[in-house]
Amino acid sequence: MGLFGRKDWNVIAVIFERKDVFRVNGNRARGSRAAKVRDGAKGHERTIFWAVFDQKRAFLEGDAGRGGAHVSPEVIDRIRRELPLLADVREVLTLLESGRQEKAARQLRWDE
């Protein structure tokens, strides 16, 4: 929550582009718009996994999305475990937390 209990969320969606190519989309949203942004990420047909973070990077909620049908359950489990640790996700969150950008995206690179 943000100032005086208002929502101030960073919504992350890992989007399926093609086999083994995913994109990290991030949106910063406040107030009543925050829930709409979250619901949009949840309902997007190519969202593999969505997550909501506050401005201190605390994980608030998240789960597999409709795009999970495009990948194996192992990929979803890996994203669930590693999402806050992935460099591209951290970079998107840093941009959103700075307040200079309300949207950011990066290709997800798996560190093998």
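Helices (H or I, at least four residues) and strands (E, at least two) are DSSP runs, numbered from the N terminus. The model is a predicted one, in which local features need pLDDT of at least 70 and side-chain atom pairs count only at pLDDT 80 or more, while totals for chains, interfaces and linings use all residues. Residues are numbered from 1 along each chain as its sequence is written, and side-chain values use heavy atoms, leaving out hydrogens and water.

An α-helix has 3.6 residues a turn, so residues three or four places apart point the same way. At 1.5 Å a residue, the 12 residues of helix 3 should span 16 Å, and its end C-alpha atoms are 17 Å apart, which agrees; the expected span is 1.5 Å times one less than the number of residues. Just after helix 3, Gly 99 takes a positive phi of about 80°.

Turning to the sheet, 5 strands form an open arrangement in the order 4-3-1-2-5, with antiparallel pairing. Two strands pair if DSSP finds at least two bridges between them. Strand 4 (59–64) and strand 5 (103–108) are the edge strands, each pairing on one side only. From one strand to the next, the twist averages 15°; axes are lines fitted to C-alpha atoms, for helices over the stretch in contact, and angles run from 0 to 180 degrees between N-to-C directions.

Strand 1 (residues 8–18) pairs with strand 2 (residues 21–30) over 10 bridges in the antiparallel sense, and Trp 9 stands opposite Ala 29 in strand 2. On its way to strand 3, strand 1 is joined by 6 bridges, again antiparallel, with Ile 15 opposite Thr 47. Strand 3 in turn pairs with strand 4 over 5 bridges, where the bridge partner of Ala 51 is Gly 62. The hairpin of these two strands has 5 residues between them, and in it Arg 57 takes a positive phi near 70°.

The largest has 22 residues, of which Ile 12, Val 14, Phe 22, Ile 48, Ile 79, Leu 83 and Leu 108 touch the most other members. Its largest share, 5 residues, comes from helix 3. Apart from this core lies another, of 10 residues, among them Val 11, Ile 15, Ala 29 and Ala 34.

Finally, Arg 38 is found in helix 1 (residues 32–43). At 15% relative accessibility, Arg 38 counts as buried. Not counting residues up to four places away in sequence, Arg 38 touches Trp 9, Val 11, Trp 50, Val 52 and Glu 61.

Terms used: A nonpolar core is a set of buried Ala, Val, Leu, Ile, Met, Phe, Trp, Tyr and Cys residues joined through side-chain atoms within 4.5 Å. Buried means under 20% relative accessible area, exposed over 50%, partly exposed in between (1.4 Å probe, protein chains only). Contact means heavy atoms within 4.5 Å.
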